[in-house]
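Q: Could you walk me through this model? I would like to start with the fold and then look at pockets and local details.

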Amino acid sequence: LGLERGGFLSLLGPSGCGKSTLLLMIAGLINRNAGEITIDGTLITKPYIDLGIVFQDANLLEWRTVMKNLMIQAEVRNLNRADAEKRSQDLLNMVGLDGYEQRYPYELSGGMRQRVSICRALVHNPPLLLMDEPFGALDALTRDQLNLDLQDIWMKSKKTIIFVTHSITEAVFLSDRVAVMTPQPGRIGAVIDIELPRPRNIQVRDDPAFTFYTKQIRSLFEQWGVLQDHADRVPVS
């Protein structure tokens, strides 16, 4: 499996197939027991720090304001504080959170908290962003908006993004390529190029080409027994 710089790859597969494990191995946070992982030719054998990570939970420090949560990156990485504050402000403006710099996490909605989490992962301007089901716990409307926000961030920044999700429609909407993983033991069962024009709006889901991609992926899960049609089963009385 490979990804070119500036690409958007989604890892899609059933629960327990190893999507999050693979993401953590890419970050060097857990060790692989076979094979190799390289980033720009560097073999990953220890934690790789030139990246940002966004998890399903925003993991904000409740006693710190939005701006101070973002500034954790500057403190840990010994970045120039003035530069980091300016970049943090630019990121907050980009995701529509200007004016929320001095708010605390308890004052934010779930979607706002996750926007802060994404901004925090980008403060040090990493070339690679790893995202582990960042929108999985959000309601459908908020999730749609964050899909649009993330697409906008990616198109403006041209970061390389690896995005873990359970959602077929989310993977097709966001990605250049979708790596579809098999059930345990997890393998890359297929890699599908998504050739839909950008920027994509929510209405693209009604496009026949979008439907083609989702059906193609769903058929793989049916072949692997992940999705089973129970319509023909005789009900138990």
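A: The answers below take up the sheet, the helices on it, the pockets and some local features.

Q: What kind of model is this, and how are residues numbered?
A: This is a predicted model, in which local features need pLDDT of at least 70 and side-chain atom pairs count only at pLDDT 80 or more, while totals for chains, interfaces and linings use all residues. Residues are numbered from 1 along each chain as its sequence is written, and side-chain values use heavy atoms, with hydrogens and water left out.

Q: What is the strand order in the six-stranded sheet?
A: The order is β4-β5-β6-β1-β7-β8, in an open sheet with mixed pairing. The edge strands are β4 and β8 (188-193), each of which pairs on one side only. From one strand to the next, the twist averages 15°. Strands here are DSSP runs of E with at least two residues, helices are runs of H or I with at least four, and both are numbered from the N terminus. Two strands pair if DSSP finds at least two bridges between them.

Q: In which sense do β5 and β6 pair, parallel or antiparallel?
A: Strand β5 (residues 128-132) pairs with β6 in the parallel sense, over five bridges. Leucine 130 stands opposite isoleucine 162 in β6.

Q: Which helices pack there?
A: Helix α5 packs on the sheet and touches β4 and β5, with its direction at about 165° to that of β4. Helix α6 (residues 140-157) also packs on the sheet, touching β1 (8-12), β5 and β6, and its direction makes about 160° with that of β6. Contact means heavy atoms within 4.5 Å. Axes are lines fitted to C-alpha atoms, for helices over the stretch in contact, and angles run from 0 to 180 degrees between N-to-C directions.

Q: And how do β7 and β8 run, parallel or antiparallel?
A: Strand β7 (residues 177-181) and β8 run antiparallel and are joined by five bridges. Valine 178 stands opposite isoleucine 192 in β8. A hairpin leads from β7 to β8 through six residues.

Q: What about the phi of Asp40?
A: Phi of aspartate 40 is near 50°, a positive value in a residue other than glycine. Aspartate 40 is in the loop between β2 and β3 (42-43). Most residues other than glycine have a negative phi, and most peptide bonds are trans.

Q: Changing topic: how much space lies in the largest pocket, and what lines it?
A: About 920 Å³ of space lies in the largest pocket. Its lining has 34 residues, of which Leu1, Leu22, Ile26, Glu36 and Ile37 lie nearest the centre. On a 1 Å grid over the protein atoms alone, a pocket is an open set of points where a 1.4 Å probe fits, with protein on both sides within 12 Å along at least five of seven lines; lining residues have an atom within 4 Å of a point. Grid points are joined across faces, edges and corners, and a volume is the space filled by probe spheres set on the points.

Q: Which element gives the most to that lining?
A: Helix α1 does, with four residues. α1 (19-26), β2 (38-39) and β6 (160-165) each supply at least two.

Q: And the second largest pocket: what is its volume, and which residues lie nearest its centre?
A: The second largest pocket has a volume of about 340 Å³. It is lined by 19 residues, with Gly52, Ile53, Phe55, Gln73 and Arg77 nearest its centre. β4 (51-54), α3 (72-77) and α5 (110-122) are the elements that give two or more residues to this lining. The largest share, four residues, comes from β4.

Q: Finally, how many salt bridges are there?
A: The structure holds eleven salt bridges, each a side-chain nitrogen of Lys or Arg within 4 Å of a carboxyl oxygen of Asp or Glu. One of them joins the side chains of arginine 81 and glutamate 85 (3.3 Å, N to O).

Q: Why are those two about one helical turn apart?
A: Arginine 81 and glutamate 85 are separated by about one helical turn because they are four residues apart in helix α4 (residues 81-94).
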